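Here is a short briefing on one protein structure. Keep the sequence and the 3D view side by side as you read.

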Amino acid sequence: MNADNADNAATSGSDLIARTASELASGIRAGTVSCREVMSAHLDRIEQCNPQVNAICTLLPREESLRLADEADRKRIAGSDLGPLHGLPMAIKDLSATAGIRTTMGSRIFSDNIPEQDSLIVQRLKRAGALVIGKTNTPEFGTGSQTYNDIFGATRNPWNLDKTAGGSSGGAAAALACSMLPLADGSDMGGSLRNPAAFCNVVGLRPSLGRVPTWPNPMAWQSRLGVEGPMARNVADCALLLSVQAGPDERDPLSIQESAEQFRQPLAFDAAGSRVGWTADLGHLPVEKAVRDTCADSLQYLDQCGFVIDQTCPDLKGSMESFTVLRASYYAQFGGTLLQTHRHLMKDTVIENIEAGLRLSGRDITHADAMRTQLYQNVLDFFANHDFLVLPSTQVQPFDVETQWVREIEGIEQHSYLDWMSICCMISTFGLPAISVPCGFTDTGLPVGLQIVGRPRDDIGVLRAAYAFEQAAGFSALRPPL
């Protein structure tokens, strides 16, 4: 290859990784770009960026990834039916089982674990044509909104490599921000899709509880808080990925019995008159001034779209206590035996969660569930008069990558590693759809996310509101200077 051709190839690769997932999928279906070209461009980008951010923790050999792409090209040429994600490379969050690809859950206990079967979400991605090439980094068992573990180390923020990318889907968010992947999956119990999306200037949707069925799931009924969902660089791509992830499955007793096709319809809508409740702090939480001010400034874009904004929110006091108890009971169930056999391989916060769960009585758990139910009525009362609740996605801006969790916000002590995430955890308690969409940057150049929460099971409404905001604000189009 001569110098001119080399320059053209580099330009082509840069062009491909800059395209949206929807544009790449359309180009592959039309035959204007090959799966191999798309794969090569993203593998080149991974080689360039991943040593700096440490987002992708496990990666197939290049020749194996290219073989997957060549197979996808042959299917297209043969006229086979192509799924909506055909030929798009994806790396799966390291909590989800991937057949034949190491799945550690960020834990030294499972450092050599190679599953024999894909989880349900991976099965659906593959059926849609996605090419699974590796795994994205996560904290141990997804515990905490700071992505680091003893196997792979910490994931760094592409906007400032001295800062954290958030978590627990931090590897996914950083990979998206760097254009190493066109789409990424994640999961969210207390903010793990929304927090890293906000920290990395990408989009993360926590779907309604049951919108994306989960299998296998050790606790499909009691104390259920966690969901799986989509991440992308823009809202339309997020909806595209949800259209593959969502849809009923009998293995998940709480799965919503609605077709996922609804998420492929156009997202543009007339927002005029839609009522929004705005709160900077849910009435009582400490929020960094830089985050509060950036989110408040971004309300102008909702106003431009025609949303009617009130400064109000539902009374959710007590929801954090309910969340903490129900979360601990989940940890006791999945981790109790592991604690007995592998305590020496666990980080302190995981041990603390499991032990807190083991100390709970049946009365503690049923009281937390009853409190959750009672407060849900406050949520319904709020949404009787409002279409959306809008608030910051995080209480702080991205912090030092060496800091495990935030100990103080605006002079107020945070007593546990969950406290500083309360603004997401409290929303999680009620199973509502919630999205984090880029809304601006602090004076120090760090991204901030706006959280848009919708009525129960109104995922499509949340996506439409986020799309309207995104089109007016434009921050999703910005990329870090890597």
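The mean pLDDT of the protein is 96, and 98% of its residues reach 70 or more.

**Confidence**

- Where pLDDT is low, the predicted coordinates should not be read in detail.

**Salt bridges**

- A search of the whole structure finds 20 salt bridges.
- One of them joins Arg211 and Asp459, with the closest N and O atoms 3.0 Å apart.
- Arg211 sits in the loop between strand 9 (203–206) and strand 10 (227–232), while Asp459 belongs to helix 14 (residues 459–473), so the pair ties together parts that are 248 residues apart in sequence.
- Are Arg211 and Asp459 buried or exposed? Both are buried.
- Arg224 and Asp252 also meet through their side chains in a salt bridge, at 2.7 Å from N to O.
- Arg224 is in the loop between strand 9 and strand 10, and Asp252 is in the loop between helix 8 (235–245) and strand 11 (275–278), so this pair ties together parts that are 28 residues apart in sequence.
- Both Arg224 and Asp252 are buried.
- Glu355 forms a salt bridge with Arg343, and their closest N and O atoms are 2.8 Å apart.
- Glu355 lies in helix 11 (residues 348–358), and Arg343 lies in the loop between helix 10 (319–342) and helix 11; the two are 12 residues apart.
- Glu355 has 26% relative accessibility, between the cut-offs of 20% and 50%, so Glu355 counts as partly exposed.
- Arg343 has a relative accessible area of 40%, so Arg343 is partly exposed too.
- Which residues are linked in a network of salt bridges? They are Asp188, Arg194 and Arg206.

- Helix 4 (residues 62–77) has 16 residues, and at 1.5 Å a residue they should span 22 Å.
- The end C-alpha atoms of helix 4 are 23 Å apart, which agrees.
- Ser65, Leu66, Leu68, Ala69, Ala72 and Asp73 are buried in helix 4.
- An α-helix has 3.6 residues a turn, so residues three or four places apart point the same way.
- What do the buried residues of helix 4 pack against? They pack against helix 3 (35–53) and strand 3 (131–136).
- Glu63, Arg74 and Ile77 are exposed on the other side of helix 4.
- Just after helix 4 comes Gly79, with a positive phi of about 85°.

**Thr442 in its loop**

- Where is Thr442? Thr442 lies in the loop between strand 16 (434–441) and strand 17 (447–454).
- The relative accessibility of Thr442 is 7%, under the 20% cut-off, so Thr442 counts as buried.
- Leaving aside neighbours within four places in sequence, Thr442 is in contact with Ala290, Thr294, Gln397 and Val448.
- Thr442 and Cys295 are 147 residues apart along the chain, and their C-alpha atoms are separated by 9.9 Å.
- The side chain of Thr442 makes a polar contact, at 2.9 Å, with the side chain of Thr444.

Conventions: Residues numbered from 1 in each chain as written. Predicted model: local features only at pLDDT ≥ 70, side-chain atom pairs only at ≥ 80, totals over all residues. Heavy atoms only, no water. pLDDT = per-residue confidence, 0-100. Salt bridge = Lys/Arg side-chain N within 4 Å of Asp/Glu carboxyl O. Helix = DSSP H or I, 4+ residues; strand = E, 2+ residues; numbered from the N terminus. Buried < 20%, exposed > 50% of the residue type's maximum accessible area, 1.4 Å probe, protein only. Expected span 1.5 Å × (residues − 1). Contact = heavy atoms within 4.5 Å. Polar contact = N/O pair within 3.5 Å; in protein donor to acceptor, adjacent residues only side chain to side chain.
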